Amino acid sequence: MSSPTVPTGATAQGRPAGSVRSLVAAIGSALGPVRATLSYLEVDTRLLGMVLALAIIWVGFGIVSGGTFLSPRNLWNLSVQSASIAIMASGMVLIIVSRGIDLSVGSMLGFLGYTMAMTQAVWIPQVLGLGFGQPYTWIVTILFGILLGALLGGLQGFVVAYAGVPSFIVTLGGLLVWRGLIFRYAQGQTIAPLDQNFQMLGGGTVGTRVGALGEWASWILGAVICVGIVFTLITARRRRHRYGFPVRPLWAEVMLGLVGCAAVMGVMWVANSYPLPINVAIQYAQEHGIPIPPDGLFIPTGLAFPVVIMLGVTLVMTFIASRRRFGRYVYAIGGNPEAAALAGINVRRTVMLTFSLLGALVAISAAVQTARLNAAVTNLGIQNELDVISAAVIGGTSFSGGIGTIPGAILGAVVMQSLRSGMVLLLVDSPTQDIVVGLVLVAAVGLDTFVRRGSR
Amino acid sequence: MLTQPIEIPAVAPQRVPLVEMRNIQVSFGGVHAVDGVSIDLYPGEVVGLVGGNGAGKSTLMRTLSGARPPDAGEIRVTGQPVMIANPRDAKALGIETIYQTLALADNLDAPANVFLGREITGTATLNDAAMESATRKVISRLNPNFKNFKMAVLRLSGGQRQAVAIARAIQFNARVLIMDEPTAALGPAETAQVHALIEQLKREGIGIFLVSHDIHDVFDLSERISVMYHGKLVGTVKKEAVTTDEVLGMIILGKPPTKLTSQDLAELHRSG
């Protein structure tokens, strides 16, 4: 009559994978109301998850290190260390989104850093005979570097897009070629010292000059960003109103604005809580006629220039990715290259330009790193490509294409650097650091894939 | 937009075809995928294009949509010879295509797909609100229950995805529509919606090439039926002049109705 049937629940529980899956489902349903609120706010849940993960890492290291990790000094250094990787990661996102990869960024960074060092230390002052310490040296150097970076990136992109060689191969070749070229024309020499204005880009100090905004400029920049956030929220809301679309409730808008502004001002507060080194501060006070108080001199450092540059790059790249046709096309190509071509998109040109864009960003990072070292060395940027790719991937960029955000990659870079910096504080040796970062990378992507599969 | 139907004179003694394709040739390596095919299409008309797998019907349509320019032959649009070298050229001529694969960027939302390659821009930026507004309008004609305008189309149902693909084709003043298997992935209700849409588009004076495996779809919707067989055109027949058996004979045996014998038809029924 009726054949014996196994209860479906029993089979699901019998398999370990099933029980993990049902656990995830249970957590998911428990978070249902939270998720509903978040969708109400139209907040990117993945990005929020990453912020949460970062918070856990910070608090965890903070406790274990007895508060040192969360000191302004450590956080300020962390921000500077994250900046150069974050700048490149924002460009790497677009390349991975359009189903490519760039393995050459580390070598290219070395090559561009070297070329920029030569430009300011040899070519402008000696070959052209214009002398050292010219006020324009730093900007000419940077513009030249960015142009060269865009050209070299574009060259690789051209081979990828028009010759049809896989980007993995082209940029693997680039990795070898650019590094080889450095050794060839540097002959193992270190180029130093660099132009004093240029050094400011690294966030270091030269005499009493500091590569940071200082107290008031930091606060003002924070205020400007806050105004920008509020303005963006208001215009977006107006636009949706005008077309009669549903809008977020007003309390949600106000909350988003407040949280955003609080985060920005919090960053500025931390940067301003980090004092200049005492000898620099005393010299600075003497130069500016500031009396030295008996209980010690406290001159805020403010937001470091590399971080200011990173913020600017983030802003521009986010704008390109989400508000410009080019960005839309990059995502469309990642989602379905054939569909993009049938829609009349110039796929080849778009792909080439993503590589060119990353090349320009590599030049900016190269400037930051050489400025920080006050020198160009032949092994500059070695293994940076791995950090940059990891940052993008931890930040939610998918190798299957079409998925990834710029803010995510920036956060990814900060997460990576936080792990490293925290482990350094805890005196974890460098091989162990690599093992941990490697495991975190795989675990993060695994978890993300698992959650995404479950949500479909 | 379709809200302004193209005026067709009530009496049109010498109508100019919307599209004429003459002696179109497409070869892949040594294989003639399309071999000297000539077909045409008039305003407000549906021409069904049928044939077995590999008969060349999709390849023929790809020459018209700009996806694969022909190796030889001539295409005229409203009497004027045109060069269609890429999808952009075709779209500029008002030739829109709904591909069998739908050709959607799965990671983007419906408005981004509808306007892909033809985005509305404000001062230097994409105007997503304007695109969403237009998309809501055009999709509501196809599927009033469609709500997920902010969701990646990957997560939509087959019918909703189809609606996005169709919306993209009719959003931009299409004069000629190429529909490649438009109902293959649809349920009965959604198929009925597509049929109603085709009738409506016809009344608006749009010419439609309907590529389909489904002989009943083709008989329901087309005025004329063109049959392809191994890259060649077997013939173009008026729907009223033929039976489904005769069309099947053209598809399977590659013979025009005049040459079909009763023995052929018997064989068709035995194998079918």
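Before anything else, a residue is called buried here if 20 or more other C-beta atoms lie within 10 Å of its own, exposed if 12 or fewer do, and partly exposed in between, with the C-beta atoms placed from the backbone. By that rule, 40% of the 456 residues of chain A count as buried. Please keep in mind that this is a predicted model, in which local features need pLDDT of at least 70 and side-chain atom pairs count only at pLDDT 80 or more, while totals for chains, interfaces and linings use all residues. Residues are numbered from 1 along each chain as its sequence is written, and chains are lettered from A and ligands numbered from 1 in the order in which they are written.

Let me start with chain A. Chain A holds 19 helices and two strands, where helices (H or I, at least four residues) and strands (E, at least two) are DSSP runs numbered from the N terminus. Its C-alpha atoms fill a box of roughly 100 × 65 × 55 Å along the principal axes.

What is A:A89 in contact with, once its neighbours within four places in sequence are left aside? Taking contact to mean C-beta atoms, placed from the backbone, within 7 Å, its partners include A:V388, A:A392, A:I410 and A:A413.

Helix α14 of chain A, residues 325–335, is mostly covered, with nine of its 11 residues buried. Among those buried residues are A:R328, A:Y329 and A:Y331, and the buried residues of this helix pack against α5, α13, α15 and α16 of chain A together with α3 (110–114) of chain B.

That brings us to the interface, where 23 residues of chain A are in contact with 23 residues of chain B. The largest share of the side of chain A that touches chain B, six residues, comes from α14(A). By class, that side has 10 nonpolar, five polar and eight charged residues, with Ala, Val, Leu, Ile, Met, Phe, Trp, Tyr, Cys and Pro counted as nonpolar, Asp, Glu, Lys and Arg as charged, and the others, Gly among them, as polar.

Now to chain B, and its sheets. An open sheet of six strands runs in the order β6-β7-β8-β3-β9-β10, with mixed pairing, and two strands pair if DSSP finds at least two bridges between them. Strands β7 (176–180) and β8 (207–211) of chain B run parallel and are joined by five bridges, and B:D180 has B:V211 as its bridge partner in β8(B). Helix α6 of chain B, residues 188–203, lies across β3, β7 and β8 of chain B at about 150° to β8(B), where axes are lines fitted to C-alpha atoms, for helices over the stretch in contact, and angles run from 0 to 180 degrees between N-to-C directions.

Another open sheet in chain B has four strands in the order β2-β1-β4-β5, with antiparallel pairing. Strands β2 (31–41) and β5 (80–82) of chain B stand at its edges, each with a single partner strand, so one side of each is left without a neighbour in the sheet. Strand β1 (19–28) of chain B pairs with β2(B) over eight bridges in the antiparallel sense, and B:V19 stands opposite B:L41.

Note on methods:
Contact = placed C-beta atoms within 7 Å.
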